[in-house]
Amino acid sequence: MVLGLPLLHFTLIHVGLSLVGILTGLNVLLRMIRQRPLGASNIIFLFATIATSATGFLFPHKAITPADIVGAISLVILAIAAAALWLGNLYGGWRPIYIVSATAALYFNVMVGVVQAFLKVPTLHRLAPAGNEPPFIAVQGIVLLAFIVLGYFAVKRFRPGGL
């Protein structure tokens with residue numbers, strides 16, 4: 001039981017939050033690249049991604065795991081994104097700070113999704129049972145490269161309010 005819920009139900013909520021964060025985050029990233037207003041999906045992205053990282057700490061385990069470290073890093077990055085958005089209003093230097101931190105938080109969420117896919121999807125697990133085989137490394141490398149490229153274009157193109 002976690003927060004009064006059976007572990008399966010809690011896991012489904014955690015995964016659901018993660019998927020909402022990924023989908024809305026991709027929408028936000030593409031909106032930045034296309035120079036569109038961020039809209040409500042931006043707030044949903046931030047809250048879902050914060051909730052995903054926070055709920056990850058509630059799973060039962062006896063020692064600090066790599067997931068705990070990624071979750072802690074993600075929460076720090078999300079705090080920076082929130083400050084850039086709500087304190088800095090994306091003005092001046094806050095704009096690239098927000099874009100980079102939001103993109104990094106989204107990347108971490110997707111990266112964990114890839115790890116989980118290789119752990120849980122039988123076909124992928126057979127390709128990389130230890131999580132350090134070439135197919136796993138290639139997919140993670142492609143994901144990282146994609147986020148670097150998308151983040152670069154977002155920083156170059158996004159100007160909120162026509163700034």
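The axes of helix 1 and helix 6 (residues 134–157) come within 7 Å of each other and cross at roughly 45 degrees. That angle makes helix 1 oblique to helix 6, since angles under 35 degrees count as roughly parallel, over 145 as roughly antiparallel, 65 to 115 as roughly perpendicular and the rest as oblique. The model is predicted: local features need pLDDT of at least 70 and side-chain atom pairs count only at pLDDT 80 or more, whereas totals for chains, interfaces and linings use all residues. Residues are numbered from 1 along each chain as its sequence is written, and side-chain values use heavy atoms, with hydrogens and water left out.

**Helix 1 with helix 6**
- Leu26, Leu29, Met32 and Ile33 of helix 1 meet Phe147, Leu150, Phe153, Ala154 and Arg157 of helix 6 (contact means heavy atoms within 4.5 Å).
- This contact of helix 1 with helix 6 comprises 8 nonpolar, no polar and 1 charged residues (Ala, Val, Leu, Ile, Met, Phe, Trp, Tyr, Cys and Pro count as nonpolar, Asp, Glu, Lys and Arg as charged, and the others, Gly among them, as polar).

**Helix 1 with helix 4**
- Helix 1 (residues 7–33) packs against helix 4 (residues 94–120) at an angle of about 145 degrees, with the axes 10 Å apart.
- The residues in this contact include Gly21 and Gly25 of helix 1 and Thr103 and Asn109 of helix 4.
- By class, the contact of helix 1 with helix 4 has 8 nonpolar, 5 polar and no charged residues.

**Helix 2 with helix 3**
- The axes of helix 2 and helix 3 come within 9 Å and cross at roughly 150 degrees, which makes helix 2 roughly antiparallel to helix 3.
- Among the residues that meet are Phe47 and Ile50 of helix 2 and Asp68 and Trp86 of helix 3.
- The contact of helix 2 with helix 3 divides into 10 nonpolar, 6 polar and 1 charged residues.

**Lining of the largest pocket**
- Helix 1, helix 2 (40–56), helix 3 (66–87) and helix 4 each supply at least two residues of the lining of the largest pocket.
- Helix 4 provides the largest share of that lining, 13 residues.
- The lining of the largest pocket divides into 20 nonpolar, 15 polar and 2 charged residues.

**Terms**
- Helices are DSSP runs (H or I, at least four residues), numbered from the N terminus.
- Axes are lines fitted to C-alpha atoms, for helices over the stretch in contact, and angles run from 0 to 180 degrees between N-to-C directions.
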